[in-house]
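Colleague: Could you show me the model, and then let me ask you about it piece by piece?

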Amino acid sequence: MLAGIAWKNIWRNKKRSMVILTAIALGLCGGLFATGIMVGIAESMVNTAIDYNLGHIQIHTKAFKENSLIQNSIPDAEKLIEELHSVVGLKGISGRVKIEGMASSPATNSGVEIIGVNPYAEASVTAIAEKIIDGKYLDSTGKNSVVIGKKLAEKLNLRVRSKLVLGFPGRDGSIIYGAFRITGLFETGSAIFDKSTVFVDENDITRLLGGTPIVHEIALRLVNGKAMPDVLSSLRSKYPQFVIESWKDLAPELKLTAELTNVSMLFFLAIILFGLLFGITNTMLMSVLDRVREFGMVMAIGMKRKRVFAQIFLETVFLSLVGSVIGIILGIIAINITHHTGINLSVFAEGLSLYGISSMLYPTIPLELYYELGILIIFTALGATVYPGLKATRLKPADAIRTYV
Amino acid sequence: MELFLHLAWRNLWRNKRRTIISTSSVFFAVLLALIMRSMQNGSYDYMIQSSVGLYLGYIQIHGEGYWEKRSLDQSIEVRSDKLESFTLLPNITHVVPRIEAFALLSKGLSTKIAQIVGIDPSKEDGMTGLAKRIYAGRYLQEKDTGILLGSGLAKSLGLHCGDSVVIYGQGYHGVTAAANVPVIGILKLPIPDLDNMMSYLTLKHAQWLFDATGRMTSVAFMISSQAELENTRSQLKRIAGEHMEVMTWQEMTPELVQSIQADSAGGILMLLILYIVIGFGIFGTIMMMTNERTREFGVLISVGMKRWKLITITVMETILISLLGACAGMIVGIPILWYLYLHPIPLTGEAAAAMYAYGLEPILPFSIAPGIFIAQTMIVFGLAVICAVYPLLIIRKLKPVEALRS
């Protein structure tokens with residue numbers, strides 16, 4: 001019965017209730033949307049790293065992880081890659097030669113990581129082939145072809161079809177130089193990666209190094225990223241002699257960003273809810289002070305103070321819940337729409353690319369956030385009840401009845 | 001007019017409860033907006049400070065075209081008396097000359113690409129606190145001919161203090177630069193990219209190595225006040241002379257500026273949401289005040305009070321309430337933010353561990369730039385005044401007969 005009265009009380013002053021309902025709804029809808037954007041940014045960073053560089057899982061020898069020397073390659077790599085093709089849910093697999101070296105042009109030189117790949121296998125793991133903005137991707141027809149990042153090309157003052165000299169240590173530690181022709185430029189959305197990575201055909205590297213082909217790194221791409229932990233543990237138990245890592249182990253800086261995003265998200269939601277807390281408290285306080293006579297009356301005829309408090313509490317909760325439900329539904333709609341259409345952030349493209357964020361943003365929200373938000377809202381309602389509730393229960397019935405506002 | 005103001009003021013205190021509720025809604029609005037913006041700006045300052053102060057400096061002088069090409073061929077000759085004259089400029093706290101180039105470092109079979117930086121040991125330490133980063137061996141001294149390595153670099157080359165390492169690269173005008181130097185110290189640099197790449201020689205030694213006696217690629221400056229950045233830049237430009245580029249950190253790292261702008265855009269979005277929430281809070285209270293007084297307005301109009309006079313008084317009331325709330329919010333906000341500025345909120349848990357791993361102190365910094373106080377207080381005040389439109393509309397359309405019966 002108390003609940004019924006509380007519900008009706010809310011609608012006694014429609015205007016007042018509507019104002020605070022709108023505030024709650026807009027606040028939560030906006031809060032959810034902004035959170036969605038922040039989570040979307042964090043996901044975008046992870047996806048950029050997986051798509052263009054890391055893949056989902058990488059395999060190295062223990063020696064290579066310690067010291068990335070050219071001789072610390074994976075023994076019998078061809079056989080291993082053959083075996084790995086049987087992994088369930090595999091989308092692609094690429095064996096890479098990785099050597100640190102120097103890229104020189106007539107203008108200047110720059111330290112780079114030279115990645116020797118089989119162009120077809122690499123295209124099944126990373127999306128570099130799709131990010132060629134000038135020229136074309138590696139093909140096996142041309143000898144000594146190289147694709148480099150647009151940022152690196154700018155720094156070296158080179159363009160497509162220019163000649164680039166790569167210098168890197170050979171098997172005996174002596175420096176080997178090779179002239180390469182740039183067939184294409186890529187732009188991945190990560191400035192650091194674009195500035196410091198060049199892709200060449202593994203056959204060219206093998207020829208320059210002499211001897212048999214080598215592989216330092218095997219990168220795997222799964223059809224579904226969620227299957228990664230299972231694949232990871234099964235691979236780890238099957239090949240204990242190798243270091244097998246997921247992108248999470250490989251890119252700790254992504255973890256930093258994700259954690260910082262969580263912290264600032266929490267602070268932000270807390271401030272919004274604080275704002276709502278004061279709004280709701282004010283509304284309820286006005287509502288209580290308007291009804292001083294009424295409360296005096298019901299207490300005079302025997303309503304327990306506890307029940308008066310309960311009634312005010314229920315009113316607050318109803319008010320908050322109705323507003324929250326509307327706000328959350330609006331928020332979900334806004335996120336769903338923009339999640340499909342994307343938000344274009346190309347104005348900030350350069351700054352975002354520093355952090356490996358692509359300029360199209362797709363907001364999204366993890367499911368558990370809704371529960372957390374729900375709990376926070378209940379606490380906010382509880383907090384907003386305290387002062388108005390106490391004010392009402394402390395009324396002296398005899399005085400209250402004689403109060404005229 | 002004075003009479004109106006007097007009436008408005010008296011109206012406010014006729015019903016204290018109403019005034020206190022409305023004032024408090026403005027007060028909390030100002031307080032929350034201040035805290036939010038201060039937190040956002042604090043983190044941008046922290047970002048700038050930690051990336052600019054770590055290496056780049058707020059301003060750098062290079063030879064024309066150096067920043068784009070990064071080649072020793074664009075290096076410059078700056079005489080020591082000129083360096084001295086830079087230090088005399090009012091806003092400048094540190095002047096740090098450097099010669100920078102990429103070269104290969106090798107030991108035995110392993111070879112790594114490294115950034116070789118020739119530094120003036122004491123000046124470099126004064127600006128970037130490099131000596132504090134030493135975790136094995138010792139820091140460079142003026143006459144040293146040894147090298148300092150980032151710990152990541154040292155580890156991948158298998159180098160320890162006392163070992164020697166071969167430097168091989170290209171010097172000034174393409175001459176071959178090669179030397180065998182002892183490792184005298186290993187640095188733990190906070191950012192992994194730097195830790196895996198940086199190595200330091202003394203300026204003299206590096207100039208000898210690159211065959212560039214008396215030359216440097218850049219002079220970095222730290223300043224005491226960011227507000228004077230442009231002024232200092234033009235002063236430096238005058239002294240530096242022709243064929244020099246004088247760049248601010250914004251020009252050197254447009255990515256950092258943009259990422260701050262992008263983040264700031266996100267921050268403004270959140271601020272807008274906060275404004276909506278608090279705006280409705282204020283509107284709700286003002287609406288209630290107005291509704292409660294419908295009868296009173298009806299009486300006044302029916303006894304012949306001009307509507308515009310009534311409107312002037314209620315608008316004045318709203319302005320007074322907003323002014324009171326905004327001032328109170330600012331007065332309470334200043335010490336709170338001042339405290340948070342001096343004692344930033346420490347972070348715990350995974351976020352703290354991740355920040356610490358990056359050499360950042362795990363804190364949530366706040367800013368106390370005066371602009372924040374003025375802007376936020378004005379905005380909330382503006383919001384409150386916009387809410388004054390409501391009573392204005394009500395009074396304009398009020399039908400005295402109905403109002404009297406409400």
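Colleague: How many other C-beta atoms lie within 10 Å of B:D211?
Modeller: First, a note on reading it: residues are numbered from 1 along each chain as its sequence is written, while chains are lettered from A and ligands numbered from 1 in the order in which they are written. The model is predicted, so local features need pLDDT of at least 70 and side-chain atom pairs count only at pLDDT 80 or more, whereas totals for chains, interfaces and linings use all residues. A residue is buried with 20 or more other C-beta atoms within 10 Å of its own, exposed with 12 or fewer and partly exposed in between, C-beta atoms being placed from the backbone. B:D211 is therefore partly exposed, as its count is 15.

Colleague: Is B:H173 buried or exposed?
Modeller: B:H173 is not a glycine either, and its phi is positive, near 55°. Its place is the loop between β7 (164–170) and β8 (176–187) of chain B. Since 12 other C-beta atoms lie within 10 Å of it, B:H173 is exposed.

Colleague: Which residue of β4(B) does B:A103 stand opposite?
Modeller: Two strands pair if DSSP finds at least two bridges between them, and β3(B) and β4(B) run antiparallel with ten bridges joining them. Their hairpin has two residues between the strands, and B:G108 there takes a positive phi near 60°. In β4(B), the residue facing B:A103 is B:A114.

Colleague: How many residues of β4(B) are buried?
Modeller: Strand β4 of chain B covers residues 110–119. It also runs parallel to strand β9 (residues 198–202) of chain B, joined by five bridges, and B:I119 stands opposite B:T202 there.

Colleague: Which residue of β11(B) stands opposite B:R98?
Modeller: Strand β11 (residues 218–223) of chain B is mostly covered, with five of its six residues buried. It pairs antiparallel with β3(B) over six bridges and with strand β1 (residues 59–63) of chain B over four. B:H62 stands opposite B:S218, and the residue opposite B:R98 is likewise B:S218.

Colleague: How many residues of chain B are in contact with chain A?
Modeller: Contact here means that C-beta atoms, placed from the backbone, lie within 7 Å. On the side of chain A that touches chain B, the largest share, 21 residues, comes from α11(A). Facing the 57 residues of chain A, the number from chain B is 53.

Colleague: What is the radius of gyration of chain B?
Modeller: The C-alpha trace of chain B spans about 100 × 50 × 30 Å along its principal axes. For 406 residues, a compact globule would come out near 22 Å, by a rule of 2.2 Å times the number of residues to the power 0.38, with the radius taken over C-alpha atoms. The value for chain B is 31 Å.

Colleague: How far apart are the C-alpha centres of the two domains of chain B?
Modeller: The bounds come from an automatic or database domain assignment. For chain B it gives domain 1 (2–52 + 257–405) and domain 2 (65–242). The distance between their C-alpha centres is 50 Å.

Conventions: Contact = placed C-beta atoms within 7 Å.
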